[in-house]
Amino acid sequence: MRVIFLGPPGVGKGTQADFVAQQYKIPKLSTGDLLRESVSKGTTLGKEAKGYMNRGELVPDSVVIGLIEEKLGSPECQKGFLLDGFPRTVTQADQLSRYLTSRGENLDRVVYFYLSKDEIVRRISGRRSCQDCKAVYHLESVPPKVKGICDACGESLIQRNDDKPETIESRLTVYQEQTSPLINYYKAINILGELDGAGSVPAVQDRLVALLAKPRVE
Ligand code: AMP
């Protein structure tokens, strides 16, 4: 299965992507995670990406496309993959399509997660993640057992720089302007499935499993 998760920041794509990757035994490729890893390692790419990320802007297409193509070319992605947070611009989507066509491959599904702006802001503001194992929590809806500490590995939880209030608004504007055109882009080729991101993690999970099981309408 080759699938893309599309939708605004904070809508729950990452949480559901972990579940789907496990369930369908396909690798999850999150450009946000890959970029954050490069930033924390201080690589050349990370140094280039850091400023854009902290301002809530998109990292240049050429950087992200190079990063994702390198991963897609690896043996573990040959039987399928889940892209979380990529593509985010029409240029990225066009390039992905050219890349897959050159390999004789197709996308099976694009899942578009939607949610009200108020709920998106609530989810992003309360999001905390483990600086070591990257597990994600929410101060109200998915709190850790011990405040500030990761249940899974005992490391401290942190708030992402770009989850701070001053950056949320610009990320949502960037999404609206640069990424939301992809909804119609994929609708036009009949691979878009729309998913209500409201409610609990298991509730969204159930809707997602049902959507992925439905055959595509040609
Ligand atoms: P995310 O974890 O998906 O919310 O991504 C965090 C940040 O990484 C974004 O706000 C962008 O700065 C950068 N980023 C992630 N994916 C992409 C992408 N496909 N294109 C450009 N920038 C990206």
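This is a predicted model: local features need pLDDT of at least 70, side-chain atom pairs count only at pLDDT 80 or more; totals for chains, interfaces and linings use all residues.
Me: Ok, which residues come nearest to the ligand?
Reply: Thr31, Arg36, Glu57, Gly85 and Gln92 come nearest, out of 16 residues around the ligand, where a residue counts as near if one of its heavy atoms lies within 4 Å.

Me: And which element gives the most to that shell?
Reply: That is α2, with four residues; helices here are DSSP runs (H or I, at least four residues) and strands are too (E, at least two), numbered from the N terminus.

Me: Which backbone atoms sit by the ligand's polar atoms?
Reply: A polar backbone atom of Glu57 is 2.6 Å from an oxygen atom of the ligand, and a backbone N or O atom of Gly85 lies 2.9 Å from a ligand nitrogen atom, a polar contact being a pair of N or O atoms within 3.5 Å; within protein, one must be able to donate a hydrogen and the other to accept it, and residues adjacent in sequence count only if both atoms are side-chain atoms.

Me: How much of the ligand does the protein cover?
Reply: The protein covers 95% of the 480 Å² of accessible area that the ligand has on its own, using the Shrake-Rupley method with a 1.4 Å probe.

Me: Back to α2, at what angle does it cross α3?
Reply: The axes of α2 (residues 31–41) and α3 (residues 44–55) cross at roughly 115° and come within 8 Å, with axes fitted to C-alpha atoms over the stretch in contact and angles running from 0 to 180 degrees between N-to-C directions.

Me: Which residues meet there?
Reply: On the α2 side they include Leu35 and Val39, and on the α3 side Leu45 and Met53 are among them, with contact meaning heavy atoms within 4.5 Å.

Me: New topic: where is the cis peptide bond?
Reply: It joins Phe86 and Pro87, with omega about -5°, and Pro87 is in the loop between β3 (81–84) and α5 (90–102).

Me: What about Lys134, what is its phi?
Reply: Lys134 has a positive phi of about 75° although it is not a glycine, and its place is in the loop between β5 (127–130) and β6 (136–138).

Definitions and conventions
Residues are numbered from 1 along each chain as its sequence is written. Side-chain values use heavy atoms; hydrogens and water are left out.
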